[in-house]
Amino acid sequence: MFDVESIRARFPALGRELYGRPMVYFDNVATSQTPRCVVDAITAGYFGAKANVHRGVHTLSQEATALQEHARERVRQWINAESVSEIIFTRGTTEAINLVASSFCAGLSAGDEIILTVMEHHANIVPWQLQAKRLGLVIKVAGINADGSLNLDEFRSLFSPRTRLAAFCHVSNVLGTVNPVADMIAEAHSHGVPALVDGAQAVAHLRPDVRALNADFYAFSLHKMYGPSGIGVLYGRRSLLEAMPPYQGGGEMIAHVSFDGTTYAELPYKFEAGTPDFVGIGALPSALDFMEETGVEAMAAHEHYLLDYCTRRMAEVPGVTIYGTAPGKSPVISFNLAGAHHYDVGMLLDKQGVEVRTGHHCAQPLMHALGIEGTVRLGFAAYNTIDEVDRFIAALQRTASML
Ligand code: PLP
């Protein structure tokens, strides 16, 4: 039995009321709520071991460093990376992808090609466009099928002798489509091309195994998986990271600095300039503990139960169109109500205590491909309930009758 009530009890924010009603939080695709254990770990970091990492001989600094390096080892285990040298802490998925785009592309030249898909978040489009503009690279884009699954034939057809990297999401933040990333990586490798996976939307629902996937780069954010905000992870294959130049310069990423020439630190520090959010990093193992104790597969099964139930019940509401119906999709529902603007739907749902996201979801090329400006989007987390889905459906029915 999945004990959702005891899970909810671990999330103080879920006790909020909005407009006199218990809050229904369905904006989990953007960010999840945080369990008390993570906030307690952050508090312990600030009150117990607040000293800058890696720079001190004193006890507090060594404790803070130990917490950060324990977190790195915990992440290594979580995603089954071979070495902690391959785990780079960043501010989030966005910074992780920018790091690869800036650093990996430094070795490319005009006419080299990068493959993306049309369902990418802007975080996996714009960093490549910046480099394309700077270096004269060519970006090629694979499209989708009617159900929101990737057009794999088109993806395969885009590889050429000039392809240098393929970058794609594990899970779409709009359609919920779960891409066959292991096959896509294998396809890239068959052309001698490395692959980057944007795992931002996967990590709340599954435990990626970077070695089983054979991924070259895998990026994700902790705030979407019950962890602290402002922290991300870039996994990178050691041989690739070693060949890449630093992304930012400053403290921690150096071996020796002089005006005659500077040398850089070993991995992973070569890519970690400046003081990181070491308190948040030190607290992230608590988020992984929460997911491990709850059971990632049990959480995913519960979320899919909610997805199926909610999808069925939404069919009762006149004028609903759902975007993304690929088999095995992630627990994300993007939809529009006929004749209503998504902002109006979102605002009226909010006034009834239901928190959903509206807009283009940082996926404007996908919106363009779908022929729409935006959608209303909800996503389920382990703490959501059938009762909340029922309250959402009642609020949606009321919204539909008002618009
Ligand atoms: N990629 C995908 C698929 C996302 O859904 C998001 C955020 O919604 C991002 C990247 C960017 O994540 P962050 O803002 O945490 O860097």
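**Note on the domains and the ligand site**

1. The chain is split into domain 1 (4-30 + 295-402) and domain 2 (39-291), bounds that come from an automatic or database domain assignment. The model is predicted: local features need pLDDT of at least 70, side-chain atom pairs count only at pLDDT 80 or more, and totals for chains, interfaces and linings use all residues. Numbering runs from 1 along each chain as its sequence is written, and side-chain values use heavy atoms, with hydrogens and water left out.

2. Taken over C-alpha atoms, the centres of domain 1 and domain 2 are 28 Å apart. Contact between them (heavy atoms within 4.5 Å) involves 36 residues of domain 1 and 29 residues of domain 2.

3. Around the ligand (a heavy atom within 4 Å) are Gly92, Thr93, Thr94, His121, Ala123, Asn173, Asp198, Ala200, Gln201, Ser221, His223 and Lys224. By class, this shell has two nonpolar, eight polar and two charged residues; Ala counts as nonpolar, Asp and Lys as charged, and Gly among the polar ones.

4. On its own the ligand has 400 Å² of accessible area, of which the protein covers 85% (Shrake-Rupley method, 1.4 Å probe).
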